[in-house]
Amino acid sequence: MAVTAQQIAELTGVSRGTVDRALHNRGRVNPDVAARIRQVAAELGYRPNQIGQALVKTPRDFRIGVILQSAETPTMQIVSAGVHRAADELRASGVELLLREIRRLDTELVLEAIEELVGQGIQGLAIAPSAETEIRHCIDDLYEQNIPVVTLNSDVPGSKRLCFIGMDSYRGGQTAAGLMCQLLPDGGKVLPLAGHLNNTAHNNRLNGFLDTLRQETAYHITLLPFQPCFDRDDYAYEITQHTIQAEPDLAGIYVASNGQQGVCQALDELGLKRRIKVIAFDLNAPNLALLQADSLSFVLDQEAFEQGYRSPYLLYEYLMHKKKPAHPLIYTDIAIRTKYNSTLAVSADADGHMQQT
């Protein structure tokens, strides 16, 4: 009697779908699990169904565009690593990913990239957008052209995008506020730093933090006016120095986007890195080093790799099977990281590209 894939699944303790992906090199499977599946299949003399094999060898061709803004930041490099991993895996299914990486937030360059990708025949688009009106209109126009859009890392609420994948940024801000209350049980002055307020993730992180602390009056925390640093460490450095000159009793700093390296450099130079508590976002290589050096008290991680990796798959499932995501908002975990529970699972490969290890 011929051995079936279901029997291999039962023997290896995995799902039927995992067996299929491992034997046909499709999708994401743990390398050790895949090796065990192939070994069991070989030992049992498994032969794939010939009709199924014919279907595997004749996949539909899809071309999917991906646009990442602020591509120079460590976190977006991790997102990019997820995109590259998905591109490698989906290639066997006839999918070509066209990645465009844009420095900082630049609406004009994003619109140009979308126009270019549409001209190259993309059938779906994953984008880390800003919440500009032009971007919203463009997403809606793509919807009318039957080109589905997945937003990642930052969203465009009210647009006709297929779904959003990323952190619930408002709750991220609330989480940071709760941590700041624990760090400052006797209260004190706190400086909120924002990045780009036309980025919904940055804006929601800021509002979640401010709203929560305004309600937690029992903690006697005084909120200073928020300052925009536009994701720049040099701006954050100068803002931190000027704030401490004006407020020498500053007790905490909340960094809602990037700029934490500039903040920590200023505090280190002033000998204040252990007295003034700093909370930031995203577990990347620079932030891991700052955690280990006690320059950051907490880092809130948002699974950046998963955002980049999963977005093309959401589009592929929709294009191939007309399968819509179960929910229009797919939130990644909000992980609280300290120096004691943080390791970096993403590193650079031989070509300098980030990859998950």
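Modeller: pLDDT is the predictor's confidence in each residue, from 0 to 100. This is a predicted model, where local features need pLDDT of at least 70, side-chain atom pairs count only at pLDDT 80 or more, and totals for chains, interfaces and linings use all residues. Residues are numbered from 1 along each chain as its sequence is written, and side-chain values use heavy atoms, leaving out hydrogens and water.

Biologist: What pLDDT does the protein average?

Modeller: The average is 90, and 91% of the residues score at least 70. Over residues 50-58 the pLDDT is below 50. That stretch has four contacts (heavy atoms within 4.5 Å) beyond near neighbours in sequence. Where pLDDT is low, the predicted coordinates should not be read in detail.

Biologist: How many residues of strand β6 are buried?

Modeller: Buried means under 20% relative accessible area, exposed over 50%, and partly exposed in between, with a 1.4 Å probe and protein chains only. Helices (H or I, at least four residues) and strands (E, at least two) are DSSP runs, numbered from the N terminus. In β6 (residues 188-194), five of seven residues are buried.

Biologist: Which strand does β6 join by five bridges?

Modeller: Two strands pair if DSSP finds at least two bridges between them. β6 runs parallel to β9 (residues 250-255), with five bridges. Lys 189 has Leu 250 as its bridge partner there. Three bridges join β6 to β7, also parallel, and Lys 189 stands opposite Thr 222 in β7.

Biologist: Where is His 220?

Modeller: His 220 sits in the loop between α9 (200-215) and β7 (221-223). His 220 is not a glycine, yet has a positive phi of about 55°. His 220 is exposed, at 59% relative accessible area.
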